[in-house]
Structure formats: C-alpha cells, structure tokens
Amino acid sequence: GSGDERELRAPICCILGHVDAGKTKLLDCIRGTRVQEGEAGGITQHIGATYLPVENIRERTSLKSEVTIKVPGLLVIDTPGHESFSKMRSRGVSLCDIALVVVDITRGLEKQTIESLHLLKRHNVRFIVAMNKVDRLYGWKSCPNTPILEALKNQSDDVRSEYKWRLTEVITQFKENGFNTAPYYKNKKMKRVFNIVPTSAKSDSGEGVPDLLMLLVRWVPEIMIDKLAFNNSVECTILEVNGDKDLGTTIDVVLINGALHQGDQVIVCTKQGPVTTIIRDLLTPQPMKELKAKGVYKHHKEVRAAHGVKIVAPGLQHAMAGTSLIAVKPGDDLRQAETAAMQEMILTISAADENKNRTAAEEVSRVKSCKEGLYVQASSIGTLEAIIDHLKSSNVDIPVSDWNLGPVNKQDVMKATAMLNRKEEYAAILAFDVKVMHEASVLAAESGVRIFMADTVYKLVDSYAEHINGLKE
Ligand code: GDP
Ligand code: MG
C-alpha cells in the first residue's frame with residue numbers, strides 16, 4: 001500500500017508493575033544483561049532507557065529473515081516500582097506509545113499494578129500484560145526461549161491446570177478493575193481486548209519472551225502506524241537532569257520524533273525563564289545498554305528518533321525533568337520560540353497540578369522555601385524527589401531546606417553549616433549516588449556537619465532517622 005512505505009521510528013515502550021513482579025529481570029532477559037542482580041537491594045531507583053536495535057530482536061526471537069519488521073528497533077523505558085518513585089512512573093507513561101504491565105502470575109494484581117493501570121487509562125495508553133514467573137508453576141519444565149504455546153505443550157497436566165486457573169484469576173482481577181484481557185494467542189479482538197503474554201524472565205527460561213517481542217515490533221506498529229511515522233519536527237522530553245563529575249550538568253532525554261544534531265540551538269525551560277543553548281555533544285549508551293548505566297558512551301553528530309540520548313550543553317543546571325526540549329530551526333524567531341516554550345511548560349505544570357502531580361522541579365523548588373531542614377545531594381532530579389518524598393512520608397516527617405545535584409563540594413558543606421546554630425540535628429547532608437570530595441569531608445568533620453550515604457534511598461533516610469532517634473534518647 002501507499003502509506004506503508006513511510007519511514008517509521010522505534011516505538012517507545014514503558015515497563016510498569018508492582019515491586020518484584022520482574023520488570024527489570026524481564027528487560028535483562030530481553031537484552032541478555034544482568035542489571036537486576038547489580039541493583040542495590042534489588043530495587044530500581046532510576047528511570048532507564050534502552051534502545052534495542054531490530055537485528056538484536058531478530059536474533060533474540062530466532063526470526064526468519066523473510067519476516068518483515070517495519071520499525072528500526074524498540075526503545076524501552078524501565079521504571080521503579082516503589083511508592084516514592086511515582087513521579088518517575090508518570091514521566092515514563094506520558095511519553096510512551098505502548099506500555100508493558102508486568103504481573104507476577106503467583107500474586108496477581110497488586111497495589112502498584114492497579115496504580116499503573118489508572119495512570120495508563122488517564123494518559124490513554126494501550127498496554128500488553130506480561131504475566132511473568134510462569135516457571136514458578138509447580139513442576140514447570142524449562143524450555144529456554146521458546147514461544148509460550150510450545151512451552152505449555154511440554155508441561156504435565158498438573159502444570160497446565162494450575163496455569164489455567166491462575167490465568168483465569170488474573171483475567172477476573174483485570175475485569176474487576178474495568179479492563180478486558182485475554183491470552184494473546186486466543187485474542188480475536190486485539191483492538192479492544194488487552195493481550196496477556198505469559199512469560200518467564202528467569203535466565204535459563206525465557207519462555208514467552210519471543211512472543212512478547214513479536215507483539216511489540218510487529219503488532220504495535222500495525223495498530224499505530226500514523227503515530228510511528230518519522231517526522232522532521234523535534235519532539236523531545238527531559239527524563240532526568242544529572243550532575244556529572246566530568247561532564248557537568250547533562251540531561252537525559254527521550255527523543256520521541258525528529259532528529260537532534262551537534263551544534264543545534266535548543267531551548268530548555270527553567271523556573272527563572274527560558275534558557276537557549278547549543279548542543280555540544282550527543283551521547284548514547286551502547287545498543288542494548290541502559291542510558292543510565294555508567295559505561296562507555298557513543299558520540300554522535302546526529303541522533304534520530306526514537307532514542308534515549310544524553311545531551312551535553314552549557315546552562316542546563318535548572319532544566320526541569322518532565323518538560324520539553326525545543327529545537328530552534330534556522331529562520332525561527334528566537335524570542336517567539338522561547339515564549340512558546342515557556343507557555344507550553346506552564347501548561348504542562350498546571351496539567352500535572354490538576355492530577356496532584358507536580359513536575360519534579362516544581363515539587364523540589366518548593367523545598368527551598370523551608371528555612372530549617374536537611375541538605376540533600378543526589379545524582380539526579382528523579383532520585384532527589386524520591387528522597388524528599390520518602391522523608392516527608394516517613395513517620396518522622398523530616399524537612400529539607402536545600403539541595404544540589406552532583407558531587408558534594410565544600411560549598412555544599414558550607415551551606416549545611418547554616419543549620420548548626422539554628423537546629424543542630426539538621427546540620428547534615430544526605431548524599432545519594434554521588435561522590436563526596438575530599439575537601440568537603442574534611443570541612444564537614446571540622447565543622448560538625450554529618451554526611452550520610454547509602455546505596456538505596458530507603459537506607460539513606462533510615463540511617464538519618466536512626467541518628468536523630470539516637471540523639472533524642
Ligand atoms: P522489579 O521490581 O519488577 O524490577 O522486579 P525484579 O526484576 O527486580 O525481580 C524481582 C525478583 O523476582 C528477583 O529476585 C528476580 O530474580 C525474580 N524474578 C523476576 N522474574 C522472574 C521469573 O520470571 N521467574 C522467577 N522464578 N523469578 C523471577
Ligand atoms: Mg526493577
């Protein structure tokens with residue numbers, strides 16, 4: 001057909017679900033990586049973007065070369081499942097084309113699964129259900145990386161009957177929450193009934209994973225071909241603002257459509273107004289690796305959508321996660337573009353506000369109005385807001401007076417010393433996923449500012465809470 005010859009971009013898929021359902025493990029299984037095993041406490045604390053080129057997907061699914069795939073790849077966004085990370089989840093959902101909702105077959109729908117479903121409904125995003133951990137069915141015989149129907153044929157009657165009643169249970173729970181679902185191999189009304197794909201993400205299993213990938217790269221483009229048509233006008237959302245020891249402040253973005261180039265003039269919005277800057281470098285992780293992973297980046301002159309990209313440019317310090325990055329085209333009126341950018345940002349913020357879900361920067365900037373409180377230092381805006389959120393909701397309700405991104409420097413300690421003669425217990429820095437520079441720790445020791453560090457947001461807050469409880473006794 002005529003319309004089918006258009007260049008398509010990679011679909012963007014966001015992974016959601018309750019803690020421990022197997023979101024990260026499933027992504028590991030697809031990539032052939034082991035990110036999950038390396039996570040502190042086994043929990044995801046960052047929003048990550050991974051690009052899967054179509055060649056790797058073909059390999060992973062043992063697909064014959066005559067089967068056509070029209071998209072160049074798949075961009076997958078992994079999100080944390082824990083309570084404190086709800087803003088990261090809504091940022092992921094607001095930019096994806098399709099979602100993958102991971103449900104543990106032995107547990108069914110749980111609190112964050114249901115929260116995710118409501119979020120998807122609000123944003124009008126279609127989803128596929130991965131009914132994960134089928135290898136946990138009693139007596140399951142592993143059939144590595146086989147399509148699910150084939151794997152089920154190899155199981156005993158007992159396993160098959162347990163599978164059937166658990167599947168029915170899950171379908172009933174979806175129904176109770178207002179969603180019609182069916183196993184994809186029986187689903188005759190895929191446009192209205194959501195697909196369930198049984199999977200196992202266990203390293204030596206991987207049953208159903210080929211089925212899942214097929215749906216994502218063959219069926220998804222079929223149902224949203226117009227949405228996936230490559231378009232020259234840039235559509236780009238800021239996922240994270242990072243303090244990097246070597247690169248300074250960088251932003252992680254999801255390029256949804258269009259192309260970005262080194263030397264492009266772009267606008268980011270801040271609370272103080274628009275900032276116009278020039279892209280110095282465009283970095284992507286190696287294919288199949290996470291944008292967040294601290295590894296070797298590839299440098300690019302041009303990046304085409306859809307992709308997760310780290311942008312290096314001056315003046316990004318106050319960029320706000322969740323807002324758009326605007327590309328200025330040659331011949332554009334800069335003032336007009338800046339005004340339009342700010343108007344769009346204000347709309348985004350007020351829309352988020354209605355959902356009682358302010359953007360990260362809004363929430364975090366409210367903090368500064370608090371005169372007495374802790375100093376928090378984190379590697380990204382996303383983790384910063386998770387720490388602030390957890391401090392607020394912990395039974396101690398600890399205020400935060402100031403924060404910064406990137407390594408802890410002498411200046412940060414100086415700021416924290418202000419609390420010494422105001423409220424001594426708040427003369428502390430909670431540092432997450434950042435380096436503490438030598439001079440900073442020397443000054444802290446001299447002045448009496450305590451620096452707390454931990455590998456999870458939860459342990460960090462706990463260790464501070466224990467400390468003040470100790471002071472009270
Ligand atoms: P997330 O919180 O949703 O990202 O879940 P993780 O990917 O961190 O997985 C939580 C735990 O469940 C880990 O111990 C995994 O090894 C385990 N797990 C995940 N998927 C599977 C699966 O398909 N089968 C089995 N047996 N265990 C799994
Ligand atoms: Mg995870």
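Author: Let's start at Lys133, which sits in the loop between strand 5 and helix 6 (148–153). Helices (H or I, at least four residues) and strands (E, at least two) are DSSP runs, numbered from the N terminus. Residues are numbered from 1 along each chain as its sequence is written, while chains are lettered from A and ligands numbered from 1 in the order in which they are written. This is a predicted model, where local features need pLDDT of at least 70, side-chain atom pairs count only at pLDDT 80 or more, and totals for chains, interfaces and linings use all residues.

Reader: What is the phi of Lys133?

Author: Most residues other than glycine have a negative phi, and most peptide bonds are trans. Lys133 is not a glycine, yet its phi is positive, about 70°. Asp433 is another non-glycine with a positive phi, in this case about 60°. Look for Asp433 in the loop between strand 20 (428–432) and helix 13 (438–447).

Reader: Is Lys133 buried or exposed?

Author: A residue is buried if 20 or more other C-beta atoms lie within 10 Å of its own, exposed if 12 or fewer, and partly exposed in between, with C-beta atoms placed from the backbone. Lys133 has 25 C-beta neighbours inside 10 Å, so it counts as buried. Asp433 is buried too, because 21 other C-beta atoms lie within 10 Å of its own.

Reader: Which two residues does a cis peptide bond join?

Author: Those are Ala305 and Ala306, with omega at about -5°. On the chain, Ala306 belongs to the loop between strand 15 (302–304) and strand 16 (307–312).

Reader: On to helices. How many of the residues of helix 1 are buried?

Author: Seven of its nine are, so helix 1 is largely enclosed by the rest of the structure. Lys23, Thr24, Lys25, Leu26, Leu27, Cys29 and Ile30 make up that buried set. Just past the end of helix 1, Gly32 has a positive phi of about 70°. Helix 4 (residues 86–94) is also mostly covered, with seven of its nine residues buried. Lys87, Arg89 and Arg91 are among the buried ones there.

Reader: Which residues does Leu26 touch?

Author: Contact is about C-beta atoms, placed from the backbone: two residues qualify if theirs lie within 7 Å. Leaving aside neighbours within four places in sequence, Leu26 is in contact with Val102, Ala130, Asn132, Thr199 and Ala201. Take Thr199: 173 residues separate it from Leu26 in sequence, but their C-alpha atoms are 8.5 Å apart in space. Leu26 is part of helix 1, and it counts as buried because 27 other C-beta atoms lie within 10 Å.

Reader: Which residues are closest to ligand 1?

Author: Gly22, Lys23, Thr24, Lys25 and Ala201 are the closest of the 20 residues that surround ligand 1 (the cut-off is a backbone-placed C-beta atom within 6 Å of the molecule). Helix 1 (residues 23–31) gives the most to this shell, namely three residues.

Reader: Now sheets. In what order do the seven strands of the open sheet run?

Author: Two strands pair if DSSP finds at least two bridges between them. In the seven-stranded open sheet the order is 2-3-1-4-5-7-6, with mixed pairing. Strand 2 (48–53) and strand 6 (181–183) are its edge strands, each pairing on one side only. Inside, strand 1 (residues 12–17) and strand 4 (residues 98–104) run parallel, joined by five bridges. Leu16 has Val101 of strand 4 opposite.

Reader: What about the open sheet of three strands?

Author: That one is antiparallel, ordered 12-11-17. Strand 12 (273–278) and strand 17 (326–327) are at the edges with a single partner strand each, so one side of each has no neighbour in the sheet. Strand 11 (residues 265–270) pairs with strand 17 over two bridges, and Ile267 has Ile326 as its bridge partner in strand 17. Six bridges join strand 11 to strand 12. These two strands form a hairpin with two residues between them.

Reader: Last one: which residues touch the most other members of the largest nonpolar core?

Author: A nonpolar core is a set of buried Ala, Val, Leu, Ile, Met, Phe, Trp, Tyr and Cys residues joined through C-beta atoms within 7 Å. This one has 128 residues, and Cys13, Ala99 and Ile387 touch the most other members. Beyond four places in sequence, Cys13 touches several residues, including Leu74, Val76, Ile98, Ala99 and Leu216.
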